[in-house]
Amino acid sequence: MSRKKKKLPPFVAIGRLTMKTREWIELSASAKLVYFQLKYHFNGRNNGKIAVSMRTLAKEINLDPTTVNRAIKELIQKEWIEKTEYGGLFNNLNSYKLTGKHDNWIIDETKRYEGTQMGNIEYQNKKKQEELKQLINTT
């Protein structure tokens, strides 16, 4: 009789090395919360189409919508996310993309769904890769 594998509950991953980088440390607490919540809405296929309203984000993380708006502006300015579609007056939502520039746990969804190896992490910035190696060597 074979054993059934227990599935892990859904979670949002961020690497320890990412948390040690200067870019992560310099983010405000509200920006970190908003980033985690945007990653929660990322399912591996919808990068660039993560559509969520400011009010929804504010309710999910128990912050004021103006604080969420400020945090999103900070994340865009520091290149953690990009705004891909702009909402409007008629209930259209802004859409966001996780850039993966600072967070190495963003999986390149095009490779993932073209049948290549799942979990293949692609470093988009060689300079960042060298910085992470130096952090490993110092700890």
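## Starting inside: Gln-37

Gln-37 is buried, since its relative accessible area is 14% and the cut-off for buried is under 20%. The residue sits in helix 3. This is a predicted model, so read everything here as computed from it.

Which residues does Gln-37 touch, leaving aside those up to four places away in sequence? They are Leu-57, Glu-60 and Ile-61. Two of these names, Leu-57 and Ile-61, come back as buried residues of helix 4.

## The chain as a whole

Stepping back, the chain holds 7 helices and 3 strands. Going along the sequence, the order is α-α-α-β-α-α-β-β-α-α.

Of the 139 residues in the chain, 32% are buried. Take the contacts between residues at least 6 apart in sequence: 58% of them join residues at least 24 apart.

Helix 4 covers residues 54-61, and its buried residues are Leu-57, Ala-58 and Ile-61. Why do they end up on the same side of helix 4? Because they cover an arc of only 100° around the axis. On the face turned away from that buried side you'll find the exposed residues Arg-55 and Lys-59.

What do the buried residues of helix 4 pack against? The partners are helix 3 and helix 5. Just after helix 4 comes Asn-62, which takes a positive phi of about 60°.

## Helix 4 against helix 5

Two packed helices are described by the angle between their axes and the distance between the axes. For helix 4 and helix 5, the angle is about 105° and the axes are 9 Å apart. The range for roughly perpendicular is 65 to 115 degrees, so helix 4 and helix 5 are roughly perpendicular to each other.

On the helix 4 side, the contact uses Met-54, Leu-57, Ala-58 and Ile-61; on the helix 5 side, it uses Pro-65, Val-68, Asn-69 and Ile-72. Sorted by class, that gives 7 nonpolar residues, 1 polar and no charged ones.

## Helix 3 against helix 5

Helix 5 (residues 65-77) also packs with helix 3 (residues 29-41). Here the angle is about 85° and the axes are 8 Å apart, which makes helix 3 roughly perpendicular to helix 5.

Helix 3 brings Ser-30, Ala-31, Val-34 and Tyr-35 to this contact, while helix 5 brings Thr-67, Val-68, Ala-71, Ile-72, Glu-74 and Leu-75. By class, the contact of helix 3 with helix 5 has 7 nonpolar, 2 polar and 1 charged. Val-68 and Ile-72 of helix 5 turn up in the contact with helix 3 and again in the one with helix 4.

## Over to the strands: Glu-82

Glu-82 belongs to strand 2, which runs over residues 81-85. Is Glu-82 buried or partly exposed? With 38% relative accessibility, Glu-82 counts as partly exposed, because that class lies between the 20% and 50% cut-offs.

Glu-82 and Leu-98 are 16 residues apart in sequence, and their C-alpha atoms are 6.6 Å apart in space. Setting aside residues up to four places away in sequence, Glu-82 touches Ser-95, Tyr-96, Lys-97 and Thr-99.

Conventions: Residues are numbered from 1 along each chain as its sequence is written. This is a predicted model: local features need pLDDT of at least 70, side-chain atom pairs count only at pLDDT 80 or more; totals for chains, interfaces and linings use all residues. Side-chain values use heavy atoms; hydrogens and water are left out. Helices (H or I, at least four residues) and strands (E, at least two) are DSSP runs, numbered from the N terminus. Buried means under 20% relative accessible area, exposed over 50%, partly exposed in between (1.4 Å probe, protein chains only). Contact means heavy atoms within 4.5 Å. Axes are lines fitted to C-alpha atoms, for helices over the stretch in contact, and angles run from 0 to 180 degrees between N-to-C directions. Angles under 35 degrees count as roughly parallel, over 145 as roughly antiparallel, 65 to 115 as roughly perpendicular and the rest as oblique. Ala, Val, Leu, Ile, Met, Phe, Trp, Tyr, Cys and Pro count as nonpolar, Asp, Glu, Lys and Arg as charged, and the others, Gly among them, as polar. The arc is that of the directions from the helix axis to the C-beta atoms.
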